[in-house]
Amino acid sequence: MKKKYLFIIPLCLFVIDYLFIHYQIIQPIDWFIYHLVQNLKCDFMTSFFKLCSNLGSTWFYVILVLVLVLLKNKKDVWIGIHLLIIQGINRIIKALVKRPRPPQMYHLVKETNYSFPSGHSMSAMIGYGLLIVEVKKSSLKYRKIIEVFLAIMIILIGLSRIYLGVHYFSDVIGGFLLSLSYLLFIYYNTSLYT
């Protein structure tokens, strides 16, 4: 398969994830993982995952993009544009699917919109994913370590949304897959990253 078509794989997996949700095939797995993560609750973990969630918030990305544009390169404004596009896609899908969030009694943070797909997971994949691309192309001394750290941040932000009680596992996976599809599409099909 040509690299420019790689985006189709996570996109198809996203559709499968949605179908598993729609036909309630994944519901037992969602609840198992949800309760498993809920059992980890303690003050330290709650503070840690709230921090992770904040590092995946819209405001964090706005500040990050502004800092990158001012300190490094005007081209980094594209990270902000892609984040806006991803958030727009997320809101449209949430409005169409209308999946309710987990019960409010488990929420550790306030959320008001729908559950699928996770907006934080989508933003983390595109925001930190594009930073991984930037680091990979750079001449930084500890590139591999930074890349691994950024990849771990993507996973922790997704996990934080389950821990904080506002998303199911399939919401997070769906967010990752859809955003990964978008990331692969722009990486292999635009001139910005060649």
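The lining of the second largest pocket in this predicted model contains no nonpolar residues; ten of its residues are polar and five are charged. Two helices, α5 (77–97) and α6 (119–137), each provide at least two of the lining residues. The largest share is that of α5, which contributes four residues to the lining of the second largest pocket.

The largest pocket has a volume of about 240 Å³. Among the 14 residues that line the largest pocket, I21, Q24, Q27, R99 and P100 are the closest to its centre. Its lining comprises eight nonpolar, three polar and three charged residues, whereas that of the second largest pocket includes no nonpolar residue. At least two lining residues of the largest pocket come from each of α1 (8–22) and α2 (27–38). With four residues, α1 gives the most to this lining.

Q24, one of the residues closest to the centre of the largest pocket, is located in the loop between α1 and α2. The backbone of Q24 has a phi near 55°, a positive value in a residue that is not glycine. Q24 has a relative accessible area of 52% and is therefore classed as exposed, since the exposed class begins over 50%.

A positive phi also occurs at K98, where the angle is about 55° although the residue is not a glycine. K98 belongs to the loop between α5 and α6. Its relative accessibility is 48%, so K98 counts as partly exposed; this class covers values between the buried limit of 20% and the exposed limit of 50%.

The loop between α5 and α6 also holds P117. The peptide bond that joins F116 to P117 is cis, with an omega of about -10°.

On the surface, a nonpolar patch is formed by I9, L13, V15, I16, L19, F20, Y23 and I25. Together these residues present about 720 Å² of accessible area. I9, one member of the patch, lies in helix α1, the helix that gives the most to the lining of the largest pocket. The relative accessibility of I9 is 42%, and I9 therefore counts as partly exposed.

V172 counts as buried because its relative accessibility is 4%, and the buried class comprises values under 20%. The C-alpha atom of V172 is separated by 9.4 Å from that of I155, a residue 17 positions away along the chain.

Note on methods. Residues numbered from 1 in each chain as written. Predicted model: local features only at pLDDT ≥ 70, side-chain atom pairs only at ≥ 80, totals over all residues. Heavy atoms only, no water. 1 Å grid on protein atoms, 1.4 Å probe; cavity = no way out; pocket = protein on both sides within 12 Å on 5 of 7 lines; lining within 4 Å. Points joined across faces, edges and corners; volume = space filled by probe spheres on them. Nonpolar A, V, L, I, M, F, W, Y, C, P; charged D, E, K, R; others polar. Patch = residues over 30% accessible without salt bridge, like charges linked within 9 Å, V, L, I, M, F, W, Y side chains within 5 Å. Areas by Shrake-Rupley, 256 points an atom, 1.4 Å probe, with all protein chains shown as cover. Salt bridge = Lys/Arg side-chain N within 4 Å of Asp/Glu carboxyl O. Buried < 20%, exposed > 50% of the residue type's maximum accessible area, 1.4 Å probe, protein only.
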